Amino acid sequence: MKGRFYIQGTAAISPQESFSGTFTPQLARLEDRNLLRVKEPDYRDFIAPNSLRRMSRVLKMGLTTALKCLQNSNVAVPDAIITGTGKGSLHDTERFLHDIRQYKETALNPTPFIQSTYNSVNGLIALQTRCTQYNNTFVHRGFSFEHALLDSMMQLNEGAAKHVLAGAFEEISDEHFYIKSRIGFWKEQLTQPADMLTSGTPGTISGEGSAFFVLSTAPSDVHIAGLKMLYKPTQEQVSTALGNFLREHQLQPEDIGLLITGRNGDVNFDFYYQELIAQYFPQTPELPFKQLCGEYDTASAFALWLAVERMRAGGPEHVLIYNQFFGEQHSFVLLGR
Amino acid sequence: MRRGPITRKRLTYNIMEALKLKLKQQIIEALNLQDTKPEDIDDNAPLFGEGLGLDSIDSLELMVLLERNYQIKVEDPREGRKILQSVQTMAEFIQSKQPA
C-alpha cells in the first residue's frame, strides 16, 4: 500500500529498559534457560488497584503500553484500536485448562476464561479510554502485528480514522516454553544473547513483549512508507520481492541507511538474512534486534519501536526492517523521515 | 492464666472464629486482594459495594470458592445474594451445611 502513515508516539515493554524513556540496548545475561522476560514497570501508575488484581501479566503489559503510547502521542481517545498477537493470554488459557482438568469441568473460575480470549487487551483499552470505535485483534502467528499494521494503514487511507492505536503483545509461559522446546524452537544449550548469532546451532532464544504506536496521516518526524508480507517463500522469492518492493518506493539498496533484521541465530532459517544481505546490502549497517528481545510471534513490533527510536535519535533517512518467523511468515517494513 | 473448662459454647465460638479467619485468607487469595490482610476485613462489613468493594465477577469467584473448598454448590442466585453479604454470613452458611 502506498501513502504515508506517520508515527505520532510509541511505547514498549520489553526485556530492555524500553518503557522508562531512557533506552540503551543491553544484552541480558541468562542464568538457566534460553528465555528473555520483560522488565515490568509499576502498573499501578496506569491501572486502578481493583482492576489490576484480576489481570494476568500480558493484560497488564498490553494495557499499560497502550495507555503510555496514547499519553506519549497526546491522544486521549483513538479512532480505532487494532492489535496483533500470536498467542494472546497464554497464562489465563493454561490456568483455565488446568482447572477444567483438576476440577473435572466443575467449579470453574470465570476470570481466566473471560481473559483468555485474544481480544481481551483490546477490550480493556477500549473500556479504559472509553473508545467505542473500530476495534480489532489479528491472530496470525508471525504475521499478527503486520496485519494489525496493514489494517491500521487501510483505516487511515480510507479516512475512517484520524488516529489509530496499533500494537502487539505477547507473553511466554513456563509451559509454553517447555512445549516449544520439545519441538526445537529454542536452543538446547544455554546460549547467551551475545553469542546467539554465532552459535551455529538450531533454535533460538525465547522472548516476549508489547509495543504500541499511534499512527496518523498528520505529518510527524517518522512515517511508515511500505509494508510487504510473504508466506513461506523460497529464498529467490524473498530476493525478487525485496527488489520489487524497493522499486515501488523509488529506492535503491544504497538508500537504506540501516537494515534491522530478525536474525536469531537459528541455523535452519538465518540463511534468508545472509543471502539477502549478500545480494542487496553488503555495505549497509545491520542491526539484529532479537538479541535484545528474544523470538516471539510479534517481535517485529519491537523492531518497529527500535527503528523509530533510532530514527528519532538522528538515524538515517530510510530504515528497512526484514523479519521472518521460523521461515514461514516474512515481512518488510519500510520507514522514512 | 488459668482458664475455665472448655464449654460447648466456647468450642463452637472458637470453631466459628477459625472458620472466619480461614475464609478471609481464602477470599484474599482467590480474589488476589493485594495489600489486604485478614485483620483488615471486618466480619460484618459488606463484601460488595462498600467494604471490600467487590463486583459481580467476584461474586462468581466466591461461589467457586465455596464449591472448591467446602463442596457447597449455591444454585439459587437469590440465595447467593444473602450468603455473600459478609464474611459472617458466609461462615454461618458454611457451618449450617456441615454435618452435625
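## Close-up views of a predicted two-chain model

**Figure 1. Salt bridges between chain B and chain A.** Four salt bridges, given by the rule as 4, cross the interface of chain B and chain A in this predicted model. One of the residue pairs in view is A:Arg54 with B:Asp58, whose side chains meet in a salt bridge at 2.8 Å, N to O. Polar contacts between chain B and chain A come to 10 residue pairs, both residues of each pair being at pLDDT 80 or more. On the side of chain B that touches chain A, the residues divide into 5 charged, 6 nonpolar and 2 polar.

**Figure 2. Contact and buried area between chain B and chain A.** On the chain B side 13 residues are in contact with chain A, and 12 residues of chain A take part in return. Together the two chains bury about 1200 Å², with 40% of this area on carbon and sulfur atoms. B:Ile57, B:Glu61 and B:Arg68 supply 45% of the area that chain B buries against chain A, which is more than any other three residues.

Figure 3. Chain B has 4 helices and 0 strands. Along the sequence its pattern reads α-α-α-α. Taken along the principal axes, the C-alpha atoms of chain B fill a box of roughly 45 × 30 × 20 Å.

**Figure 4. Chain A as a whole.** The secondary structure of chain A consists of 11 helices and 10 strands. Chain A has a radius of gyration of 19 Å, close to the 20 Å that the globule rule gives for 337 residues, so chain A is as compact as a globular protein of that length. Its C-alpha atoms fill a box of roughly 60 × 50 × 35 Å along the principal axes. The domain assignment divides chain A into domain 1 (5-216) and domain 2 (222-336). The C-alpha centres of these two domains lie 21 Å apart.

**Figure 5. The interface of domain 1 and domain 2 of chain A.** Here 56 residues of domain 1 are in contact with 40 residues of domain 2. The area buried between the two domains is about 3900 Å², and carbon and sulfur atoms give 67% of it. The rule finds 15 residue pairs in polar contact across this interface, both residues at pLDDT 80 or more. On the domain 1 side, the elements that give two or more residues are strand S1 (5-13), helix H6 (144-157), strand S4 (163-170) and strand S5 (209-216) of chain A. Of the elements on that side, S1(A) gives the most, with 8 residues. By class, the side of domain 1 that touches domain 2 has 28 nonpolar, 22 polar and 6 charged residues.

**Figure 6. A salt bridge between the domains of chain A.** Between domain 1 and domain 2 of chain A the count is 2 salt bridges. The view shows A:Lys87 and A:Asp297, which form a salt bridge with their closest N and O atoms 2.8 Å apart.

**Figure 7. The salt bridge of A:Glu208 and A:Arg37.** Over all chains the count comes to 20 salt bridges. In the pair shown here, the side chains of A:Glu208 and A:Arg37 meet at 3.9 Å, N to O. A:Glu208 lies in the loop between helix H7 (174-182) and S5 of chain A, while A:Arg37 lies in the loop between S1 and helix H1 (49-52) of chain A, so the pair ties together parts that are 171 residues apart in sequence.

Conventions:
Residues numbered from 1 in each chain as written. Chains lettered and ligands numbered in written order. Predicted model: local features only at pLDDT ≥ 70, side-chain atom pairs only at ≥ 80, totals over all residues. Heavy atoms only, no water. Domains from an automatic or database assignment. Contact = heavy atoms within 4.5 Å. Buried area = accessible area lost by both parts, 1.4 Å probe. Polar contact = N/O pair within 3.5 Å; in protein donor to acceptor, adjacent residues only side chain to side chain. Nonpolar A, V, L, I, M, F, W, Y, C, P; charged D, E, K, R; others polar. Rg over C-alpha atoms; globule rule 2.2 N^0.38 Å.
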